[in-house]
Amino acid sequence: MEINLFQILLLILFYIFISLLQGYSLYIFLCIFFQRKITLIKMFFIIFGTLLLKSLIGSYLSSIGIIIFSVLMYFIVSVKGFYGDYPQKIFVSIYYTVFVLCTELLITFLFGFVSNFVEPFIIYSVQMLFVITITLLIVKRLYVFKNDSFITLTSREWLTLTVISMCSLAILLVNLYKMDKDIASINEYMNIQFVIMVVCLLVMNIAILFLYQKLLEFTNNKLKSQLIERQILEYEKRFQNQKKIHYLRHDIKNILITIRGFIISRSTAKAENYIDTIIESHAMSNESITGHVVIDAICNEKIEEAKKRGISIIKNIVIPYDMPLEGKEVELSLILGNVLDNALEEVVTFKNQKERWIEIEMRYYNENLIIRVMNPMKNMKKIKDSSEKNTLNARGNGLNIIKMFVENLNGTITFDQSDQVFKVIILLNME
């Protein structure tokens, strides 16, 4: 009786160990494509719970039923635990199923050569351990394809990749259905042609990740180019406005003469309209916030834009006038412009006036410039799901542009989302 209890205990411990490896492999694979949105503890219970459910229900299903059920379980884990679009999660669920199934079939085939010399239970246990270990090792190698940016593919591109994996899964299911055997005992019916097919499918699906990476790089570079071109156009426009102000100042005498003419003729309304036209078309805020032309120009422009949109700006800026900026003006203007543009485009969607605010804080300490911008945010997972495709997603792609220019200045950037408030914190070394 003691031996039986000991064996049962070993089986339970072995099952827990295998489940932990399976769960860790699944988690690592999902992290290649997604950003986690729940705590690690919650993630552990979700993954372990789905694997337990799969084991319990799997005993009543055929091998094909288990495979289809696995796709569903992986999809549920990705939906509950990670940010991302449904087309992307469908692809990942099917892809991981094909990947694990091909690995399991190949290991089963190899162990078939020693099945006549070793106890079936030992063969099955070692075989499972090998499958999970090999899967985990390959997944770790695939981690080089991890997407650290906020840019992702279009739904059409994800569905294109999904078709390849879905066809692979369909081929495997058809062949398994013809054999009508469980995967664990299928080695007796596997011939060399079937093994070659499985190897080809596995290689083809690994190649999909290279295609995914190339598509991602193309999309990333394309959107960055579009954003930079837009920035250049905006700054050219700003330069033209500055030139207009310069000409306006030199022509102030003629403007005053015109205004005096309206006043003498008692055309007060015309004088007011004339003044309003000049202010609207030419005048810009010349408030000296920091004493630095670049910072003041960006902040004044965005503050004026915020006022026009009914957005309150909370400024807390303390920077010495002699802070060194030489050689960093372009990057700093692009960083500030993108950060404030993102905040404006998010806050303008709020209807409640109490929620229409942006806080800007800038400090200079120990030769470091610290920039912090905060604003309310409706959908906290919007940052991770920034996937407006074929058009410029100012929030997700703007953050990548900010990150790129911050790195150009050897700085650091962090994003924080809590209590329905989004924060961008940037640290730049100004030596």
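This is a predicted model: local features need pLDDT of at least 70, side-chain atom pairs count only at pLDDT 80 or more; totals for chains, interfaces and linings use all residues.

Visitor: What share of the contacts joins residues at least 24 apart in sequence?

Guide: Among contacts between residues at least 6 apart in sequence, the share is 76%.

Visitor: How do you know that the span of helix α11 agrees with its number of residues?

Guide: Helix α11 covers residues 329-347, which is 19 residues. The expected span is 1.5 Å times one less than the number of residues. For α11 this gives 27 Å, and the end C-alpha atoms are 27 Å apart, so the two values agree.

Visitor: What makes α11 largely enclosed by the rest of the structure?

Guide: A residue counts as buried when its relative accessible area is under 20%. In α11, 16 of the 19 residues are buried, and therefore the helix is largely enclosed by the rest of the structure.

Visitor: What is the result of the span test for helix α6?

Guide: Helix α6, residues 155-179, has 25 residues and should span 36 Å; its end C-alpha atoms are 36 Å apart, which agrees. Buried residues in α6 include Trp158, Leu161, Leu169 and Met179.

Visitor: In what order do the strands of the open sheet stand, and why are β1 and β4 placed at its edges?

Guide: The order of the 5 strands is β1-β2-β3-β5-β4, with mixed pairing. Strands β1 (312-318) and β4 (412-418) each have a single partner strand, so one side of each lacks a neighbour in the sheet. On average, neighbouring strands are turned by 10 degrees against each other, direction ignored. Helix α11 packs on this sheet and touches β2 (357-365), β3 (368-376) and β5; the direction of α11 makes about 15 degrees with that of β3.

Visitor: What makes β4 and β5 a pair of strands?

Guide: Two strands pair if at least two bridges are found between them. Strands β4 and β5 (residues 421-429) have 7 bridges and pair in the antiparallel sense. Ile413 has Ile426 in β5 as its bridge partner, and Thr412 stands opposite Leu427 in β5. Strand β3 is joined to β5 by 9 bridges, also antiparallel, with Arg372 opposite Ile425.

Visitor: Why is Lys89 called buried?

Guide: The limit for a buried residue is under 20% relative accessible area. Lys89 has 3% relative accessibility, so it counts as buried. This residue lies in helix α4 (residues 86-111). The side chain of Lys89 reaches the backbone oxygen of Ser78 at 3.1 Å. Beyond neighbours within four places in sequence, the contacts of Lys89 include Phe34, Phe75, Phe82 and Tyr83.

Visitor: Why does Val195 count as buried?

Guide: Its relative accessibility is 9%, and therefore Val195 counts as buried. Val195 belongs to helix α7 (residues 192-250). The C-alpha atoms of Val195 and Phe109 are 7.8 Å apart, although the two residues are separated by 86 residues in sequence.

Visitor: Why is Asn366 called exposed, but Glu367 partly exposed?

Guide: Asn366 has a relative accessible area of 57%, so it is exposed. Glu367 has 39%, so it is partly exposed. Asn366 is placed in the loop between β2 and β3, and Glu367 is found in the loop between β2 and β3 as well.

Terms used: Residues are numbered from 1 along each chain as its sequence is written. Side-chain values use heavy atoms; hydrogens and water are left out. Helices (H or I, at least four residues) and strands (E, at least two) are DSSP runs, numbered from the N terminus. Buried means under 20% relative accessible area, exposed over 50%, partly exposed in between (1.4 Å probe, protein chains only). Axes are lines fitted to C-alpha atoms, for helices over the stretch in contact, and angles run from 0 to 180 degrees between N-to-C directions. Contact means heavy atoms within 4.5 Å. A polar contact is a pair of N or O atoms within 3.5 Å; within protein, one must be able to donate a hydrogen and the other to accept it, and residues adjacent in sequence count only if both atoms are side-chain atoms.
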